[in-house]
Structure formats: C-alpha cells, structure tokens
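Colleague: I have a few questions about this model. Could we go through some individual residues together?
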Amino acid sequence: MYGKWDRYVFLSLLVFILSGISYAHWKGQQQDEQFLKDYNEYQQAIQLMQQRQVEQALPILQSLSSKYPDRYNIMRTLGLAYAMKNDFHKAAFYYEKAIRKRPFLQQDPIFTLQFGEILYYKGEYAKAKAYLEQSKKLPGSEMYHARIDELLVQIQHQKSS
C-alpha cells in the first residue's frame, strides 16, 4: 500500500516541479521579449535625438524612465534630450538623478562637460565652474578642452558683470 501512495506522491511532485519549470521558462521568455522591445525603443530614441527630433524621443525616454527608474543611462539620455530642447532645469534634474544612481559618472569626461554646460545655461555658475574644472583634469581631445576653457571664460565674465 505504501508503494502505491509513494508513486502518487512522487508523480505529483514531478508534475508540480515540471509545471513550475515550464512556467518559469515561459515567463522568462516574456521578460526577454519585453527587454528586447525596450532596448529597441531606447535605440530608436537615441537615433531620433541624433536626427534632432527631440520631441519624438522624449515620450519614449519618459516611458522607459518610468519602467526602469534605476537605470542611470536612461536618466542621462533623458537629461541630454531636455538639454537639446533648452530645458536646462529638467536636464540638470535628470543628470543629478543619474549621478545619484551612478556616482562614477563624475569621472566621465563627456558627462562632466555636458553637465557643466547644462549648469552654465541654467545659471548655476559656481556649480558649473566646479564641474568644468573637474572636467579639465580628465583626459579629452583638444576640442573638448577648448570648450571647457570657453565656458570657464564665459562664467568669469558672468561673475564680473
């Protein structure tokens, strides 16, 4: 009698485990498909920004930002999109969020230059100067350093005016 019940218990557990594995596989495939769709949307937003179609890129990036609030790269790109639209308050907001999620961005030469420039246009000259002076210490091309020097001179003129 125990042998018959043992088989039923064993078969029930086996069916249960196989069902769980099948469900996990199916959910994993769904998640993969969603991540691929979101990745393609992110790439599309970047292409739109490269084509200066910021108005079309913003809703895509905003949607991705609400789906993935911890992704610093989405916040950074969203900030850049707002900067391209001359909305420097929102641009600075998203750059600061990106820094909170990934502090190492402050060692990225392009990021620090962009953020310094955003802060300059936002009118936060002291903070912009600090980021630009930090950028000056980082490696970059001659054109990169020339832009930093240009912004620092403009900040100096703003302070003396």
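Colleague: Where is tyrosine 95 placed?
Modeller: In this predicted model, tyrosine 95 sits in helix α4, which covers residues 88-101.

Colleague: Is tyrosine 95 buried or exposed?
Modeller: Tyrosine 95 is buried, because its relative accessible area is 0% and buried means under 20%.

Colleague: Which residues does tyrosine 95 touch, beyond those up to four places away in sequence?
Modeller: Tyrosine 95 touches Arg76, Gly79, Leu80, Phe111, Gln114, Phe115 and Ile118.

Colleague: Arginine 76 has a charged partner; which residue forms the salt bridge with it?
Modeller: The partner is aspartate 108, with the closest N and O atoms 3.2 Å apart. This pair links distant parts of the chain, since arginine 76 is in helix α3 and aspartate 108 is in the loop between α4 and α5, 32 residues apart. Arginine 76 is buried at 18% relative accessible area, whereas aspartate 108 is partly exposed at 24%.

Colleague: How many salt bridges are there by this rule?
Modeller: The count is 11. Among them, lysine 101 and aspartate 70 meet at 3.0 Å, N to O. Lysine 101 lies in helix α4 and aspartate 70 in the loop between α2 and α3, so the pair ties together parts that are 31 residues apart in sequence.

Colleague: Changing topic, what lies 3.0 Å from a polar atom of the side chain of threonine 112?
Modeller: That is the backbone oxygen of proline 109. Threonine 112 is in helix α5 and is buried, at 0% relative accessibility.

Notes: Residues are numbered from 1 along each chain as its sequence is written. This is a predicted model: local features need pLDDT of at least 70, side-chain atom pairs count only at pLDDT 80 or more; totals for chains, interfaces and linings use all residues. Side-chain values use heavy atoms; hydrogens and water are left out. Helices (H or I, at least four residues) and strands (E, at least two) are DSSP runs, numbered from the N terminus. Buried means under 20% relative accessible area, exposed over 50%, partly exposed in between (1.4 Å probe, protein chains only). Contact means heavy atoms within 4.5 Å. A polar contact is a pair of N or O atoms within 3.5 Å; within protein, one must be able to donate a hydrogen and the other to accept it, and residues adjacent in sequence count only if both atoms are side-chain atoms. A salt bridge is a side-chain nitrogen of Lys or Arg within 4 Å of a carboxyl oxygen of Asp or Glu.
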